[in-house]
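Me: I would like a close look at one part of this model. Please keep the answer brisk and connected.

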Amino acid sequence: ITQKAFAGMISRPYQVVNAIVNGKKAITAETALQFENALGISAVTWMNLESDYRLTLARNAIRNSEGAA
């Protein structure tokens with residue numbers, strides 16, 4: 001499925017889907033529910049994936065800043 005087709009499935013702009021795929025925009029609770037409806041994967045799973053991703057980014061940022069000091 002293309003990003004454009006998926007955006008149509010969830011009635012969101014292509015740019016939003018693209019930004020989520022590229023890690024530039026977070027998955028919100030509303031978006032997670034739209035993903036759940038379109039794909040059958042629970043909104044909780046999407047929210048957990050988002051949380052894990054953001055925590056990983058934060059950990060990496062801390063490690064990088066400690067290494068630069």
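Where is the place of Ile-1? Start there, then take me to the helices and the core.

Reply: A caution first: this is a predicted model. Ile-1 sits in the segment before H1. Ile-1 is exposed, and its relative accessible area is 75%. The cut-off for exposed is over 50%, so Ile-1 qualifies. Ile-1 also belongs to a nonpolar surface patch of about 400 Å².

Met-9 lies in helix H1, which spans 3–9. Leu-39 lies in helix H3, residues 29–39.

Take H3 next. Its residues Thr-31, Ala-32, Gln-34 and Phe-35 are buried. Down the axis of H3, these buried residues fall within an arc of 160°, so they line one face of the helix. Glu-30 and Asn-37, on the other side of H3, are exposed. The cover over the buried residues of H3 includes helix H1, helix H2 (14–21) and helix H4 (43–68). After H3 comes Gly-40, with a positive phi near 80°.

H2 can be read in a like manner. Val-16, Val-17, Ala-19 and Ile-20 are buried in H2. Viewed down the axis of H2, the buried residues fall within an arc of 165°, so they too line one face. Gln-15 and Val-21 are exposed on the other side of H2. H1 and H3 are among the elements that cover the buried residues of H2. Just after H2, Gly-23 has a positive phi of about 75°.

The spacing has a simple background. An α-helix has 3.6 residues a turn, so residues three or four places apart point the same way.

Now the core. The largest nonpolar core has eleven residues. Phe-6, Ala-7, Ile-10, Val-16, Val-17 and Ile-20 are among them. H2 gives the most, with three residues. In soluble globular proteins, nonpolar side chains tend to be buried together.

Setting aside neighbours within four places in sequence, Ile-20 is in contact with Lys-25, Ala-26, Ile-27, Thr-31 and Phe-35. Thr-31 and Phe-35 are buried residues of H3.

Notes. Residues numbered from 1 in each chain as written. Predicted model: local features only at pLDDT ≥ 70, side-chain atom pairs only at ≥ 80, totals over all residues. Heavy atoms only, no water. Buried < 20%, exposed > 50% of the residue type's maximum accessible area, 1.4 Å probe, protein only. Helix = DSSP H or I, 4+ residues; strand = E, 2+ residues; numbered from the N terminus. Arc of directions from axis to C-beta. Contact = heavy atoms within 4.5 Å. Patch = residues over 30% accessible without salt bridge, like charges linked within 9 Å, V, L, I, M, F, W, Y side chains within 5 Å. Areas by Shrake-Rupley, 256 points an atom, 1.4 Å probe, with all protein chains shown as cover. Salt bridge = Lys/Arg side-chain N within 4 Å of Asp/Glu carboxyl O. Core = buried A, V, L, I, M, F, W, Y, C linked by side-chain atoms within 4.5 Å.
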